Amino acid sequence: MPPRPRLGVFKFSSCDGCQLSLLDCERELLDVAGALEIAYFAEAVSAEDTGHYDVALVEGSVTTEAEALHIHDIRARSTTLVTIGACATSGGIQALKNGGNAAGFLKMVYPTPAWLHTLESATAISDHVKVDHELRGCPISKHQLLELIAALLAGRRPQTEPHATCLECKLAGQVCVMVAEGKPCLGPVTHAGCGALCPGYARGCYGCFGPKETANTASLSAQLGALGESPARIARAFSTFNTNAPEFRAEAEAQGDD
Amino acid sequence: MPDVRQSGAMGEAFVMDGGGIERLAAHLLAEGRSVVAPVARDGAVVYDAIEDPAEIARGVRIDSRPGHYRMERDGTAWFDHVIGPTPWKRFLHPPRETLYSMTRSDDGIEVEATPLPQASFAFLGVRPCDLAAIGVLDRVMTGGAHPDPRYAARRNGTLIIAVNCRVSAETCFCASMGSGPRADAGYDLALSELGTGAQTRFLIEVGSAAGSALLEALDVAPATEADLAEARWNAAAAADAQTRAIETEGLARDIRAAAEHPHWDEVATRCLNCTNCTMVCPTCFCSTTVEVSDLTGAHAERQQRWDSCFNVGFSHLHGGAVRQSGRARYRQWLTHKLSTWEDQFGELGCTGCGRCIAWCPVGIDITEEAASLRRTEP
């Protein structure tokens with residue numbers, strides 16, 4: 001029997017929620033451990049980070065100089081590098097500091113900011129190294145994570161379609177909260193993957209999965225405005241978990257984000 | 001009183017009281033059918049499988065405009081809610097299904113086709129536009145050289161109780177497409193709601209032997225000329241109330257000629273390419289087929305899922321997607337509906353239900369876009 005592919009799970013600036021999605025695969029976890037050697041995963045095993053990885057799952061954004069160096073090390077030791085979650089794929093909620101007064105924010109929060117060494121901005125892993133696959137979401141969907149691992153093992157393309165969340169909402173037979181209730185919803189510009197979770201609970205989509213392919217944010221913003229949302233509120237809606245995703249950032253700026 | 005069970009021949013008409021709807025639903029449920037009927041849920045009238053006749057939406061009206069739909073409680077009428085977001089294709093051509101399963105063992109790989117569905121649907125409350133759409137879908141899915149056996153199995157087991165409209169929503173344009181508001185064929189029974197309140201009754205027109213057989217479960221009397229006249233008058237009033245229309249004369253030709261019209265660029269500025277119009281459209285039939293495997297590599301499935309021409313990957317050929325721009329994708333959709341569908345299937349792909357207008361999050365109106373595309377350049 002050939003050796004199992006080695007899996008490493010790495011954390012950058014993040015909350016650990018996406019890594020925990022792997023542990024959340026309770027029923028399938030033994031299959032994952034059977035198919036892959038979980039060689040490094042600080043949340044689950046005590047092994048040290050050493051050697052080459054067939055698959056590296058990377059969570060978090062790059063917000064320190066040490067991280068900016070570390071990601072190159074992981075890239076050099078990994079065959080397939082997968083970013084997991086909004087932080088790793090676009091910079092995450094911490095990217096709200098980008099373009100702002102980072103030093104001022106530090107002073108506001110920490111008693112001794114001089115002890116901290118952070119970069120001016122929080123950036124996506126793909127801004128630093130080549131990324132082979134990405135899983136969106138805040139947090140990622142465990143179904144998509146299992147699908148990605150299964151696809152990598154089989155050598156096939158993962159089914160992580162870049163279309164709108166609306167398609168998933170309609171497949172699920174949910175009633176559109178924007179049309180039927182006038183609730184603001186980012187579903188039409190948001191990448192699928194969550195199964196249209198929030199509309200299933202009568203809430204508009206928050207855009208956790210970031211921009212879909214060819215997102216027409218300007219048209220959606222015009223409609224959100226017609227539904228009574230102010231430019232400031234629209235800008236804020238685009239400035240959350242994926243604030244640093246180019247399409248969402250540009251739309252927030254177009255709405256006069258300050 | 002004559003025994004109507006003997007005389008319930010096709011084309012004949014009867015009346016029953018308003019409560020007959022619940023008796024009909026109860027009878028269909030007792031027959032073991034999966035009864036799909038309008039249900040008021042989450043702010044809309046949706047078609048769902050019911051377990052109890054009391055679940056059927058009643059006393060509900062809708063306000064349906066471009067990008068806007070509101071359901072309101074009003075009165076006691078059974079069917080004045082016209083339509084909601086659910087297309088009947090959901091049941092005949094489901095959003096997701098597994099076509100094959102493959103299992104690997106020491107003996108090799110075993111491939112097993114999913115058994116044909118044993119569906120026995122009763123669709124209760126199919127509007128004329130949707131009845132026409134089921135006909136369009138029948139010809140797409142089973143009319144060619146490669147009929148879809150899964151669709152055919154579901155469709156053959158389906159009983160259709162149509163309901164003619166006496167109310168039109170603002171988004172309705174069936175009259176211009178020639179599909180409504182009164183159905184003339186394709187149903188087992190067609191109902192027309194007459195009167196209001198305690199005076200509510202239903203005109204029943206028989207469209208098939210299976211429909212005729214249902215009459216014995218209902219307490220019906222022969223229809224009078226006045227009942228028939230009231231039903232005709234109601235349908236005419238619903239048609240007159242429609243404010244939207246597409247002129248079908250020369251439509252396919254005009255849309256074909258508009259392939260380079262600048263208006264496509266204008267629509268593309270509004271179109272979200274979110275796929276909602278294609279998901280709610282009762283005739284959009286496109287699906288994609290994907291292979292999925294599990295973590296152990298011992299099990300794989302071929303799955304079919306609804307897809308949309310608004311997705312970039314939909315037109316992916318070697319080297320990339322053919323229709324990259326929003327303009328190209330909207331043009332593909334509208335041109336197929338209103339023009340090339342005719343080349344392909346001998347009819348138009350739109351029956352005027354207006355769902356794409358109401359459920360477009362930004363209210364793009366196919367009737368207005370078609371009209372703009374037929375205007376010569378400004």
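Predicted model: local features only at pLDDT ≥ 70, side-chain atom pairs only at ≥ 80, totals over all residues.
Helix α14 itself spans residues 366–374 of chain B, and its buried residues are Ile366(B), Thr367(B), Glu369(B), Ala370(B) and Leu373(B). Because these residues cover an arc of only 165° around the helix axis, they fall on the same side of α14(B).

Four strands form an open sheet in the order β7-β6-β14-β13, and their pairing is antiparallel. Strands β7 (108–113) and β13 (287–293) of chain B take the edge positions; each has a single partner strand, so one side of each is left without a neighbour in the sheet. From one strand to the next, the twist averages 20°.

Turning to chain A, the domain assignment divides the chain into domain 1 (6–154) and domain 2 (165–254). The C-alpha centres of these two domains of chain A lie 25 Å apart. Where the domains meet, 16 residues of domain 1 of chain A are in contact with 13 residues of domain 2 of chain A. On the domain 1 side, the largest share comes from helix α4 (residues 86–90) of chain A, which gives three residues. That side of domain 1 is made up of seven nonpolar, eight polar and one charged residues.

The two chains meet as well, and here 33 residues of chain A are in contact with 37 residues of chain B. On the chain A side, the elements that give two or more residues are α2 (26–35), α6 (142–154), α7 (165–171), α8 (177–181) and α10 (217–226) of chain A. Helix α6(A) provides the largest share of this side, with five residues. By class, the side of chain A that touches chain B has 20 nonpolar, six polar and seven charged residues.

Terms used. Residues numbered from 1 in each chain as written. Chains lettered and ligands numbered in written order. Buried ≥ 20, exposed ≤ 12 C-beta atoms within 10 Å, placed from the backbone. Arc of directions from axis to C-beta. Domains from an automatic or database assignment. Contact = placed C-beta atoms within 7 Å. Nonpolar A, V, L, I, M, F, W, Y, C, P; charged D, E, K, R; others polar. Pairing = 2+ DSSP bridges. Axes fitted to C-alpha atoms, helices over the stretch in contact; angles between N-to-C directions.
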